[in-house]
Amino acid sequence: MIVGVGVCYFYLQQAWSQDKYPITIAVSKTPLSTPFYIAKAIDAFDQTCVTVEYDEVMGGHAAFEKVMSGNVDFGTSSDSVIAFQSLTAQSFVTHAMFVQSDNDVKLITRATDNIESTLDLKGKRIGVTKGTASEYILSTLLAIEGLTIEDVELHDYKPEQLQQGFSHDEVDAILPWEPFAFQARQLLQNKVKIHDTKSLSTLSFNLISQTADSLLVEKAECVIQGLRIAIDYIASNPEESKKIVIDQLNVDPAFIEWVWSDYIFKLSLNNSLILNIKSQAIWAKGAQIGGLKSVQNSESFIDSRALSKVDPGSVNLTL
Amino acid sequence: MKLSLQQSIYSFTLSSCLFFIVLVISILWSIQVVNVALERERYANKVENHANILQQFISIENIYASDFNTDSWLALDRKFNELLELTPSLTPQQQTIQNSIVSQNKNVLRLFNAINKNKLINADEKIKTHLKVRLITQLEAIKADSIQLFNTVQVDINNVIRQQLILVLSILSLTLFILVYGAFKLVKIFRTSLKEVKFAFAKNRSGNFQKIQLSNKSEEFESIANAFNDMNTELSETTVSLESMTKIVEERTKVLEQLSNTDPLTNVGNRRSLFERGNAEFARVQRTKSQFTIILLDCDFFKDVNDQFGHSCGDEVLKCICKICSEEIRNIDFFARYGGEEFIILLPDSELSGAVKTAERIQDSLANNCLLFEGKDIRVTISIGICMVNNKHTSFEDVIKDADLAMYRAKENGRNRIEVMDDDSPDEEATDDTSLDTAISDNNISY
């Protein structure tokens with residue numbers, strides 16, 4: 001009888017696993033994707049309706065492109081990517097925000113230049129990655145002090161080349177995001193000064209897909225279920241989570257310590273995200289970043305159906 | 001471990017108290033847990049309300065105006081900070097949202113101070129609007145977080161209440177089950193043991209000395225059972241059972257009855273049994289109108305036998321007569337010693353002719369069987385009077401009297417004779433030869 005029950009259980013398990021949807025997620029290789037790495041490490045997706053495979057990419061842009069090209073089912077992208085892409089003709093949706101940081105982009109200057117405030121940046125050469133949060137934060141910083149982009153000499157770099165340009169003395173200041181800010185600090189040690197740019201932008205990482213039909217929403221629901229298990233694990237076991245991320249990304253533990261306190265891992269879809277995206281989109285449009293259409297309604301890039309089913313309390317959309 | 005009944009009751013009472021304490025503790029614990037959850041709810045509610053006020057303040061007022069009430073807003077934000085510092089204990093998930101709120105609030109203050117520093121004098125309207133929206137976005141983020149915190153807390157409250165309810169009910173059910181089980185067990189020990197003791201008492205009363213066999217061991221009942229069993233052992237050794245006593249009494253009574261109804265010398269019925277049986281037969285005859293005849297026998301010259309051969313010989317002669325008579329009568333007839341050397345035979349349902357035949361057989365047998373006493377042949381004869389009950393007889397004594405008369409007539413007419421008293425026979429006055437119907441001497445019978 002025990003053998004019989006065992007055999008039945010085995011077949012039921014088989015039948016159950018056969019019902020699972022195989023999906024691929026383009027995961028940006030950054031600590032911001034921590035919930036995905038944790039979910040994989042603790043087998044959080046085993047309890048859901050999907051079997052997940054990761055396609056690791058460099059940055060949210062790459063993940064977004066993979067999603068739009070149909071190579072993957074889901075991707076992880078920052079809100080700034082969503083903001084800029086919402087102005088293009090792309091049809092995509094955000095299912096959930098799973099992490100936010102208000103200190104991802106940092107202003108780095110030379111210690112010897114004695115730059116104390118943004119006002120001191122006037123006339124300086126500044127390295128940014130155009131059309132990204134890097135440029136957005138610089139313009140905000142300048143605006144607060146009554147300056148504009150025209151008051152500085154702007155140099156466009158790829159994110160990974162910012163630190164190189166700074167080292168080669170091509171620019172006086174750079175605005176890189178993590179992990180490039182950390183790398184610059186590690187490399188140049190006390191030769192650099194890192195300015196407080198907190199509060200000027202909020203970086204969030206989100207689960208995105210192409211405009212979703214009901215099947216894709218069902219899959220998204222299962223992915224979010226796995227993420228929720230992972231995020232609960234992070235909240236309860238922060239140290240173990242850090243170790244997992246260090247192992248998975250093969251990064252310096254000091255880097256994780258450096259960024260960890262700025263990260264808040266939680267699932268949500270709220271007005272703040274929409275406002276943030278819209279705000280960045282309006283800024284991008286104002287900055288005339290090429291070929292943009294008008295700012296869309298949030299309904300076109302937010303799909304709260306999946307998250308509402310998993311955790312209705314974390315959905316708060318009135319705009 | 002064997003517990004005495006007293007120890008069992010103490011254990012049961014202590015267990016009851018213990019379970020009650022556990023129940024009370026679990027209820028208190030549940031109240032505490034629910035209170036913590038409610039405190040979180042109140043906190044989340046306050047945070048949400050405060051975030052709303054802050055956001056409204058910024059939305060309505062022109063933050064860039066020179067008369068903007070900065071102090072009031074800062075006072076509000078300070079209060080909000082104070083509120084955030086009075087955080088109740090939160091779950092890890094709730095703490096994450098709380099951290100987000102605290103962080104966002106710091107950003108709000110930082111951005112507000114940056115804007116307020118020079119009111120963005122040189123910035124165009126677009127930038128001003130953009131930064132104001134940024135501030136509102138931050139406040140919106142706080143509000144969204146506080147709503148999420150509130151929702152999480154609500155779910156938590158529901159879960160906590162459900163869990164605590166299940167916990168309390170589980171403990172309550174377990175407590176009740178164990179108490180009821182304990183009570184049943186104790187009652188069972190009491191009831192079974194008392195039943196077994198009662199059963200043993202009942203058996204004892206009927207003379208069956210049975211030991212108490214307890215199916216449930218308990219010190220108290222075992223001591224009672226041991227005392228009872230010891231008492232029973234002693235009683236069974238010293239007491240004759242009622243049953244055996246009754247049997248003995250019956251046997252003795254039978255012997256005594258036999259002795260009181262038997263003549264000790266001849267072992268035939270005595271005078272007492274003769275009258276008892278005779279009266280009964282007479283009453284039956286009166287009732288059924290059937291026939292009843294008696295034979296009265298008297299040994300002739302018995303005094304001479306005694307004088308000549310001694311009383312021992314006389315006794316043997318009497319025994320011999322009895323033996324012969326007993327052999328010659330029917331099963332339903334009754335033979336008894338009337339007195340001295342006189343005997344009476346009661347013949348129920350017998351006519352005179354039948355009685356005469358019986359009397360003749362007796363005489364014949366006596367004539368043919370002489371008694372050998374100390375080497376000498378002893379021959380005796382008997383005189384017989386026969387009387388059948390008739391209407392004149394009012395009692396059994398009357399019948400004997402008539403039989404006696406007939407016997408005397410036989411004596412007078414020469415002994416060794418049979419004389420019959422019939423219906424027409426006269427009373428004592430008519431005792432001459434002519435009044436007798438028949439007299440037989442030497443095998444002659446007179447009627």
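Here is a quick tour, sorted by topic.

Keep in mind from the start that this is a predicted model.

**Chain B overall**
- Chain B is built with 11 helices and 9 strands.
- It runs to 447 residues, and 30% of them count as buried.
- If you look at contacts in chain B with a separation of 6 or more, 69% of them join residues 24 or more positions apart.

**How α1(B) and α2(B) pack**
- Helix α1 of chain B covers residues 5-60, helix α2 of chain B covers residues 70-85, and the two pack with their axes 10 Å apart.
- The angle between these two helices is about 160 degrees; anything over 145 counts as roughly antiparallel, so that is how α1(B) and α2(B) are described.
- Their crossing is left-handed.
- On the α1(B) side, the residues that meet α2(B) are B:Lys46, B:Val47, B:His50, B:Ile53, B:Leu54 and B:Phe57.
- Facing them from α2(B) are B:Trp73, B:Leu76, B:Asp77, B:Phe80 and B:Leu83.
- Sorted by class, this contact has 8 nonpolar residues, 1 polar and 2 charged.

**How α1(B) and α4(B) pack**
- α1(B) also pairs up with α4(B): their axes come within 9 Å and cross at roughly 170 degrees.
- These two are therefore roughly antiparallel to each other as well.
- The contact of α1(B) with α4(B) divides into 35 nonpolar, 14 polar and 6 charged residues.

**Where chain B meets chain A**
- Chain B puts 34 residues into the contact, and chain A puts in 24 residues.
- On the chain B side, α3 (92-118) and α4 (125-205) each supply at least two residues.
- α4(B) gives the largest share of that side, with 16 residues.
- By class, the chain B side has 16 nonpolar, 14 polar and 4 charged residues.

**Confidence in chain A**
- Chain A has a mean pLDDT of 85, and 91% of its residues reach 70 or more.
- Among the elements of chain A, helix α2 (residues 34-41) has the highest mean pLDDT, at 93.
- Helix α1 of chain A (residues 2-18) has the lowest, at 65.
- Where pLDDT is low, the predicted coordinates should not be read in detail.

Definitions and conventions
Residues are numbered from 1 along each chain as its sequence is written. Chains are lettered from A and ligands numbered from 1 in the order in which they are written. This is a predicted model: local features need pLDDT of at least 70, side-chain atom pairs count only at pLDDT 80 or more; totals for chains, interfaces and linings use all residues. Axes are lines fitted to C-alpha atoms, for helices over the stretch in contact, and angles run from 0 to 180 degrees between N-to-C directions. Helices (H or I, at least four residues) and strands (E, at least two) are DSSP runs, numbered from the N terminus. Angles under 35 degrees count as roughly parallel, over 145 as roughly antiparallel, 65 to 115 as roughly perpendicular and the rest as oblique. A crossing is left-handed if the near helix is turned anticlockwise from the far one by less than a right angle, and right-handed if clockwise. Two residues are in contact if their C-beta atoms, placed from the backbone, lie within 7 Å. Ala, Val, Leu, Ile, Met, Phe, Trp, Tyr, Cys and Pro count as nonpolar, Asp, Glu, Lys and Arg as charged, and the others, Gly among them, as polar. pLDDT is the predictor's confidence in each residue, from 0 to 100. A residue is buried if 20 or more other C-beta atoms lie within 10 Å of its own, exposed if 12 or fewer, and partly exposed in between; C-beta atoms are placed from the backbone.
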